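Try each one yourself before reading its solution.

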Amino acid sequence: MKHLLPLLATALALTTHAQTPFTGFAPATQAKQQAYEQAFKAATSAERFKAHLQAMCQVPHLAGTPENEKVRDYLVQTMKAAGWQVDVYPHDILLPKGPGDIAVELVEPVRQPLNIREYIVPDDKYSSHPGLTPGWNAWSGSGDVTAGVVYANFGRKEDFEKLAELGVSVRGKIVLARYGGNFRGYKAKFAQAAGAAGLLIYTDPDDTGYRKGIPFPEGPQHNESTIQRGSLLTVPFTGDPLTPFEPALPLDGKTKIKRADPATVDFHQIPVTPIPYGSAQKILERMTGAGVPPGWQGGLPFAYRLDGGPALKVRLMVKQEKVMTRVHQVVGTLPGAEFPDEWVILGSHYDAWGFGAMDPNSGTAMLLSLTESLGKLAQGGQRPRRTLKVAHWDAEEAGVIGSTEYVEQFRDELSRKAVAYFNADAAVTGKTFVGQASPSLKTLALEATKAVPYPDSGKTVYEHWLSSRKPGTDEPALGNLGGGSDHIAFYMHVGVPSLNVGTTGPTPYHSVYDDLYYYEKFANPTYALGPMVEQVFGTMATRLANADLLPYDVTRYATDLTTHLKAVEERIRRYKPDFSVKTLLAQVETLKGTAAAYEAAARQHLATGAPDRARTAALNEALRGLEKAFLDEKGMAFGAWYRSLYAAPDPNSGYADWMLPAFQYEASLKSTTNLSAIEIRYAGAIQNLTDRIAALTRQLGGAAPVGGARK
Ligand SMILES: [Zn+2]
């Protein structure tokens, strides 16, 4: 009898969750959606999630390799078997042809090759796979240099400025910088700009390693051989470096795309490669120069120094070739029963640095399971009203390339039809639930997590997530979207509202230990987190797909804009004390009132029943247009490809999210020249958004309410 108790508790919990109301539905449609969600959740399964992850992660599968094409074929077969229509879009992109040749060695005072590969771990059968690569950075320059060494902390702009201020020249030297603080590509850019001959990037144990806990394989932290691979690409747009704004259509296809000559692209020229802390230690402990400034000391057990001194020489050799490579985007479609031209898009990349158990394929396996669960319901006659698309992107690791080429290929169609993009890169990698979203999707994510139980806890995902809330707030920490993955082109180039949620924890990020052994030991031993994340994605996606009025949080724009404007004001006042966003804030107050009026009108309208089909389509078309208020054809001063005035990746660090990027860029230059012009652009965007919302409210109120539900 004992085993019945948890079952009963689950049933009760589900009933309670089902009663939590959610936005965008008339009462009858809401009841129907609740029933749909119960059936969907019952269809999810940890076993299927596990089977998919295991099928995809037996061998390393870098973009452009036959092994990754086998994963592609598995994606196609699985989604077809689940009843989805599947399309494969090929693109020919420029890509490094694997690691090439790499050597790192001490030359003086002793000759000693330094380790650039992860150790084989006897209990981890994957760690001895012959297809694994040494540590390497995609888009390194080629060269063979022997030189003295300078330690440059994180290799940020300010770190190189500090070195110059302290009179330490990096000219002709090999720079040793630790991971963290910025995107690794900027370490290369700043090192090269300062005249360095080469760059070694290492993971310091202060970041992840024995200073944080027990190292792998006994614990989840980096050991002395764990290496973070990664792209160094820093062109001022996202995607294939030869085809900004254009899709990299196949070279042998009918449509010819103009490609840049690779010689004209601003690639890094100096050799760059990552090393583990075991190898960095052998260099750092032999350095003899002056001690480091505050904040520069890392976690190795000796005092760090700035300069290696005359007796220390290191050799760094990288020979890396760039070649045209065919990659494939796999897109599954479940056509909407009522509104096939409205698309809810979910995606993750499938290429990996190694086995990719966590990054990315925990997300891939979750999406495949989701296509099966929703496919089963569709075959039973329960097809969502709008179209669902599940995409598997190629060549993300080399610079978010596959998804960007797809977006550039279907830019106009996506602009009209896309309701939202949900990113699932590495979505199931630990016990902690996290998320970032554009303002309009925040409520959707928060509401959906209230309807999904967190395994073995008696809590919902929302209640579990709530432990992350910041002081003075009453909701989980739901951040803002920056760079780093496949939502970039959707959100920042085309203006499709986007989000990124999932679970996280300690990770062997971009190392060969990101395998099923690690996954089962540390990340998700029972695989139960797979269906949990699947339920969150499925709930969010089908609420968007089945709603009467798209459940965008329209008032959240005003709330978040206020926060971001105040942050910008504070930043600019540091160098221009009289700068004020008062006028823009006054506009945001109007926006807030307009949004509140819309939401009241929408609630009232839905309470009387669902609008008819034509009105639903018209209202939702207008709702899809809201995010476009932030699109600026001119683009940002740091890169015209970035068209969103609302969000962009920080062009000086790569990973950080820049909210209101036109202001942020001006502030990063400590410039006042363009401030009034920028203010005018934001005033225009806020006005545009306000007008669009006001028009929607008129559209809602302009017709007599339709009595009762139509369906
Ligand atoms: Zn990834």
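**Exercise 1.** Does Leu 251 count as buried or exposed, and why?

*Solution.* Keep in mind that this is a predicted model. Begin by locating the residue: Leu 251 sits in the loop that joins β9 (230-231) to β10 (272-275). Next, count its surroundings. Leu 251 has 11 C-beta neighbours inside 10 Å, and a residue is exposed if that count is 12 or fewer. Leu 251 therefore counts as exposed. Finally, look at its partners: leaving aside residues up to four places away in sequence, Leu 251 touches Asp 92 and Met 324. His 91 lies 160 residues from Leu 251 in sequence, yet their C-alpha atoms are 8.4 Å apart.

**Exercise 2.** Work out how helix α8 (residues 361-379) and helix α15 (residues 529-546) pass each other.

*Solution.* Start with the axes, which come within 9 Å and cross at roughly 60°. Then take the handedness: the crossing of α8 and α15 is right-handed. Now list the residues that meet. From α8 they are Ala 365, Met 366, Ser 369, Leu 370, Ser 373 and Leu 374, and from α15 Gly 530, Pro 531, Val 533, Glu 534, Phe 537 and Gly 538. Sorted by class, this contact holds 7 nonpolar, 4 polar and 1 charged residues.

**Exercise 3.** Find how many residues of helix α11 (residues 442-449) are buried, and what they pack against.

*Solution.* Of the 8 residues in α11, 7 are buried. Among them are Lys 442, Leu 444 and Glu 447. The buried residues pack against several elements, including β16 (432-437), β19 (498-504) and α16 (556-573). Helix α15, from the previous exercise, is also one of these partners.

How values were computed. Residues numbered from 1 in each chain as written. Predicted model: local features only at pLDDT ≥ 70, side-chain atom pairs only at ≥ 80, totals over all residues. Axes fitted to C-alpha atoms, helices over the stretch in contact; angles between N-to-C directions. Helix = DSSP H or I, 4+ residues; strand = E, 2+ residues; numbered from the N terminus. Left-handed = near helix turned anticlockwise from the far one by under 90°. Contact = placed C-beta atoms within 7 Å. Nonpolar A, V, L, I, M, F, W, Y, C, P; charged D, E, K, R; others polar. Buried ≥ 20, exposed ≤ 12 C-beta atoms within 10 Å, placed from the backbone.
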